[in-house]
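I opened the model and kept notes as I went. The entries follow the order in which I looked things up.

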Protein chains: 2
Amino acid sequence: MTGETAPVAARDEADPVAVIEVQAAVLTRNFELLRRRSGFDSQLDRAGYLLLLALDSLGPSDIGTLAAALGLDPSTVGRQVAAAEGKGLVTRNPDPQDRRRSVVTASPDGLARMAELSVARQRRTTKMLAGWSVEDLAQLARMFTRYNEEVAHHYFTGIDQVGCAAPHDQPKHSTAEDDS
Amino acid sequence: MTGETAPVAARDEADPVAVIEVQAAVLTRNFELLRRRSGFDSQLDRAGYLLLLALDSLGPSDIGTLAAALGLDPSTVGRQVAAAEGKGLVTRNPDPQDRRRSVVTASPDGLARMAELSVARQRRTTKMLAGWSVEDLAQLARMFTRYNEEVAHHYFTGIDQVGCAAPHDQPKHSTAEDDS
DNA sequence: GTTATTATCGGCATAATGCAGATATTACAG
DNA sequence: CTGTAATATCTGCATTATGCCGATAATAAC
């Protein structure tokens with residue numbers, strides 16, 4: 001029948017760009033599936049994790065700043081902050097200088113949970129990539145970072161890439177030096 | 001003040017695994033933002049694109065097979081198929097052998113739209129990575145693919161990784177002989 | 001002091017999904 | 001052949017996350 005061979009979308013394995021495009025989409029889809037299938041942590045969900053990560057990187061911030069950093073609507077971030085506050089992950093105090101703002105601060109408990117989750121995720125990644133050589137791991141890390149830098153540069157110039165290019169630690173020199 | 005000092009989640013740049021974990025999360029988040037900010041195609045949305053991709057790879061299939069391939073609930077895929085059918089992207093015929101099943105087939109128009117979108121995405125990727133050397137592109141493609149293979153192997157052993165790792169395997173398009 | 005701007009919040013609508021129940025069809029045991 | 005179990009799909013309901021718009025409170029500008 002028709003579906004036998006030769007898919008129409010010629011995913012040319014010889015064209016690296018085609019492979020990259022498809023694999024990036026696959027990676028995104030896989031992460032979405034993982035997120036739906038097993039909530040990693042009931043106490044610190046994905047939104048909370050990213051929120052804490054942003055607060056950890058930016059320091060105490062108002063909701064507008066957080067929304068800009070996360071690329072979300074202020075109302076959405078406001079709800080996320082409210083939820084995190086209910087769980088004791090962050091605290092919210094009115095800014096003395098400008099009492100319209102509420103300054104959101106990561107609580108020690110929130111930071112601890114975030115670090116804990118970060119360690120757990122790294123442990124999973126370590127186990128998943130156990131068979132890789134150190135050189136391959138370093139290469140993947142470089143490639144991922146460079147790729148995300150390009151995405152940010154081309155599509156998110158206005159957004160602080162929290163967790164991508166932290167303010168103080170510029171991922172050094174992603175020069176195209178490495179081969180093999 | 002906390003923003004200047006070392007963040008708690010020590011993103012050790014010397015540890016490739018830590019970088020990989022963070023960058024994978026960043027990539028996923030970036031893609032979600034892009035998806036929300038600009039609907040690429042009103043006629044062929046993301047779900048439709050993935051559905052067509054699966055049909056292109058598997059050949060005509062019933063909803064259950066598609067749901068397994070996509071890692072989604074059959075009811076969800078049923079709705080996606082209904083939407084795609086309404087747009088003329090797929091056709092649905094009752095299976096003569098088993099009239100409980102409806103065999104979904106990609107229409108020529110659907111395949112054309114899918115290929116068109118695929119080309120457009122590749123063109124965007126090409127432009128985004130214009131400054132990269134051919135060797136770096138090949139390296140990124142390899143790293144992406146290997147990484148996704150590991151994810152699939154560790155977390156999606158039961159799911160057909162459509163569009164992920166199906167270079168030379170025959171698409172078994174047969175009408176679901178899996179009634180064991 | 002009045003008006004414009006800003007930050008946040010709350011209501012409403014939207015999109016995508018999973019689960020449970022209903023229905024139709026097939027398979028199997030007697 | 002009949003009755004029961006299993007299967008595929010569909011429909012209704014609930015959930016989650018989000019964006020937009022308007023309201024409210026506070027600040028800034030004139």
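How many of the 22 residues of helix 1 of chain B are buried? I counted 19 of the 22, so helix 1 of chain B is mostly covered, where buried means under 20% relative accessible area, exposed over 50% and partly exposed in between, with a 1.4 Å probe and protein chains only. Helices here are DSSP runs of H or I with at least four residues, strands are runs of E with at least two, and both are numbered from the N terminus. Helix 1 of chain B reaches 31 Å from its first C-alpha to its last, close to the 32 Å expected at 1.5 Å a residue. The expected span is 1.5 Å times one less than the number of residues.

**Ground rules.** This is a predicted model, where local features need pLDDT of at least 70, side-chain atom pairs count only at pLDDT 80 or more, and totals for chains, interfaces and linings use all residues. Residues are numbered from 1 along each chain as its sequence is written, chains are lettered from A and ligands numbered from 1 in the order in which they are written, and side-chain values use heavy atoms, with hydrogens and water left out.

**Chain A, overview.** I read six helices and two strands. Along the sequence the pattern is α-α-α-α-β-β-α-α. Chain A has 180 residues, and 47% of them are buried. I then took the contacts (heavy atoms within 4.5 Å) with a separation of 6 or more. Residues 24 or more positions apart account for 48% of these in chain A.

**Helix 2 of chain A.** This helix covers residues 46–58. Its 13 residues reach 18 Å, close to the 18 Å expected. I found 10 of the 13 buried. Among them are Gly48(A), Tyr49(A), Asp56(A) and Ser57(A). What covers the buried residues includes helices 3, 4 and 5 and strands 1 and 2 of chain A, together with helix 1 of chain B. Gly59(A) follows helix 2 of chain A and has a positive phi, near 85°.

**Helix 2 against helix 3, chain A.** The axes come within 10 Å and cross at roughly 110°. Axes are lines fitted to C-alpha atoms, for helices over the stretch in contact, and angles run from 0 to 180 degrees between N-to-C directions. That makes the two helices roughly perpendicular. The cut-offs are under 35 degrees for roughly parallel, over 145 for roughly antiparallel, 65 to 115 for roughly perpendicular, and oblique for the rest. Leu50(A), Leu51(A), Ala54(A), Leu55(A) and Leu58(A) meet Thr65(A), Leu66(A), Ala69(A) and Leu70(A). By class I get eight nonpolar, one polar and no charged residues. Ala, Val, Leu, Ile, Met, Phe, Trp, Tyr, Cys and Pro count as nonpolar, Asp, Glu, Lys and Arg as charged, and the others, Gly among them, as polar.

**Helix 3 against helix 4, chain A.** The axes come within 9 Å and cross at roughly 110°. Helix 3 and helix 4 of chain A are therefore roughly perpendicular. The contact has seven nonpolar, two polar and no charged residues. Gln80(A) in helix 4 is one of the residues that meet helix 3. Is Gln80(A) buried or exposed? At 18% relative accessibility, Gln80(A) counts as buried. Beyond four places in sequence, Gln80(A) touches Ala47(A), Leu51(A), Leu70(A) and Leu72(A).

**Across the chains.** Helix 5 of chain A and helix 6 of chain B pack at about 100°, with axes 10 Å apart. Arg124(A), Lys127(A) and Met128(A) meet Tyr147(B), Glu150(B), Val151(B), His154(B) and Tyr155(B). The classes are four nonpolar, one polar and three charged. I also checked Trp132(A), in the loop between helix 5 and helix 6 of chain A. Trp132(A) is buried, at 7% relative accessible area. Its contacts beyond four places in sequence include Leu137(A), Met143(B) and Tyr147(B).

**Cores.** A nonpolar core is a set of buried Ala, Val, Leu, Ile, Met, Phe, Trp, Tyr and Cys residues joined through side-chain atoms within 4.5 Å. The largest has 38 residues, and those with the most contacts inside it are Phe144(A), Tyr147(A), Phe144(B) and Tyr147(B). Helix 1 and helix 6 of both chain A and chain B each supply at least two residues of this core. A second, separate core of 24 residues includes Leu51(B), Leu52(B), Ala54(B) and Val77(B).
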